[in-house]
Amino acid sequence: KRRVLPAHGREDEWPIGVVLQTLEGQELPTVCLIGPNGAPTLLGAVTLEEFALGVDPVAKRLVPVRSYLT
């Protein structure tokens, strides 16, 4: 479990696990916080990076980005 502080400001504890996520025809494991029923589904920065995707806020879509090794 992981302590979280949602936007509404009330601290809570949510289960955390690894799930298989499929995006753009690619399936990868990613870390997932499991929120309450009815909560919105969000893709976080880690998942987007794992799938080499970025956000185009103007077109409101995901776009491929280069993966960098450092």
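1. Thr22 has Glu27 in β4 as its bridge partner. The pairing of β3 with β4 is antiparallel and extends over eight bridges; strands are taken to pair if DSSP finds at least two bridges between them. Further along this pairing, Ile16 stands opposite Leu33 in β4. Helices (H or I, at least four residues) and strands (E, at least two) are DSSP runs, numbered from the N terminus.

2. The model is a predicted one, in which local features need pLDDT of at least 70 and side-chain atom pairs count only at pLDDT 80 or more, while totals for chains, interfaces and linings use all residues. Residues are numbered from 1 along each chain as its sequence is written, and side-chain values use heavy atoms, with hydrogens and water left out.

3. Two residues separate β3 and β4, which form a hairpin. Glu24, in the turn, has a positive phi of about 50°.

4. A second hairpin is formed by β5 and β6, with four residues between them. Its turn contains Lys60, with a positive phi of about 55°. Strand β5 (residues 53-56) runs antiparallel to strand β6 (residues 61-64), and four bridges join them. Gly54 has Val63 in β6 as its bridge partner.

5. Ile16, Val18, Val31 and Leu33 make a nonpolar surface patch of about 330 Å². β3 and β4 are the elements that give two or more residues to this patch. Patch residues have over 30% relative accessible area and no salt bridge, and nonpolar side chains (Val, Leu, Ile, Met, Phe, Trp, Tyr) are joined within 5 Å. Areas come from the Shrake-Rupley method with a 1.4 Å probe, with only the protein chains shown counting as cover for residues; a salt bridge is a side-chain nitrogen of Lys or Arg within 4 Å of a carboxyl oxygen of Asp or Glu.

6. The largest pocket has a volume of about 700 Å³. Its lining comprises 20 residues, of which Trp14, Cys32, Leu33, Leu42 and Leu43 are the closest to the centre. A pocket is an open set of points on a 1 Å grid over the protein atoms alone, where a 1.4 Å probe fits, with protein on both sides within 12 Å along at least five of seven lines; lining residues have an atom within 4 Å of a point. Grid points are joined across faces, edges and corners, and the volume is the space filled by probe spheres set on them.

Terms used. Patch = residues over 30% accessible without salt bridge, like charges linked within 9 Å, V, L, I, M, F, W, Y side chains within 5 Å.
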